[in-house]
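This report is meant for a reader who has not seen the structure before. Please look over the sequence and the model shown here first.

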Amino acid sequence: MLRMDDSEDEEEERNLGKPEGTKKGKLRVKMEGEASSLREKMEQMMKAREELTTKTLETKLLITEKKKEVKLAQVEAKHEEAKRKADLEERMIKLKEAKVWKELMMEEKEHMMMSKKDMDQEQLQWWKDYKEDIAERKRIFHGASSTLRGDTPMSGGGDGGVEDSTTGDNGGA
């Protein structure tokens, strides 16, 4: 009798020693071909995915390097800007110093050019004291200017060469 509940496993066990038929052989070759094709496609997809992942990582590395370069350039630009500002401030300070020296020289010149004949004893003493202060400042300046020569616009030159009306002396000239 024929059993109706035979499963494929039992059927394969029964047909184990029998030669394969044409239909089954063709089906097996077709299935093997499809499996091989699917395996190749799967391998290609895996390779493409690996390549894409590699390229993505490389791109991320390049972006990170570019960001580092940009940050470094920004830091360098800020450093250069700070240096320019410091140089400008230094120049401004030197200009202000030059202006102060010029004003001081003008004041000293005015003092040295004062007419002493209408001065009383107290005014004359003040004038002499101020003249000594000027001379002392010039001596100090000349001592310092040997190392800083050319940094300030103040020129040397004794006590101004003005005649002292009390002694009739022209500064040793």
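The text below covers a helix, some salt bridges and an aromatic pair.

The model is predicted, so local features need pLDDT of at least 70 and side-chain atom pairs count only at pLDDT 80 or more, while totals for chains, interfaces and linings use all residues. Residues are numbered from 1 along each chain as its sequence is written, and side-chain values use heavy atoms, with hydrogens and water left out.

**Helix H2**

Helices are DSSP runs of H or I with at least four residues, numbered from the N terminus. Helix H2 covers residues 22–112, which makes 91 residues. From its first C-alpha to its last, H2 reaches 133 Å, close to the 135 Å expected at 1.5 Å a residue; the expected span is 1.5 Å times one less than the number of residues. Gly25, Glu108, His111 and Met112 are the buried residues of H2. Buried means under 20% relative accessible area, exposed over 50%, and partly exposed in between, with a 1.4 Å probe and protein chains only.

**Salt bridges**

A salt bridge is a side-chain nitrogen of Lys or Arg within 4 Å of a carboxyl oxygen of Asp or Glu. The whole structure holds seven salt bridges, including those in the table.

| Pair | N to O distance |
|---|---|
| Glu65 and Lys68 | 4.0 Å |
| Lys66 and Glu69 | 3.9 Å |
| Glu108 and Arg137 | 2.8 Å |

Glu65 and Lys68 both belong to helix H2 and sit three residues apart, about one turn of the helix. Lys66 and Glu69 are likewise three residues apart in H2. An α-helix has 3.6 residues a turn, so residues three or four places apart point the same way. Lys68 is exposed at 52% relative accessible area, whereas Glu65 is partly exposed at 41%. Glu69 also counts as partly exposed, at 47%.

Glu108 forms its salt bridge with Arg137. This pair links distant parts of the chain, 29 residues apart: Glu108 is in helix H2 and Arg137 in helix H3 (residues 121–148). Glu108 counts as buried because its relative accessibility is 3%, while Arg137, at 26%, is partly exposed.

**The aromatic pair**

Rings of Phe, Tyr and Trp (its six-membered ring) pair if their centres lie within 6.5 Å; planes under 30 degrees apart count as stacked, over 60 as edge-to-face and the rest as tilted. The count comes to one aromatic pair. Trp126 and Tyr130 have ring centres 5.7 Å apart and planes at 5°, so the pair is stacked. Both residues lie in helix H3, four residues apart, or about one helical turn. Trp126 is partly exposed at 46% relative accessible area, but Tyr130 is buried at 16%.

How values were computed
Helix = DSSP H or I, 4+ residues; strand = E, 2+ residues; numbered from the N terminus.
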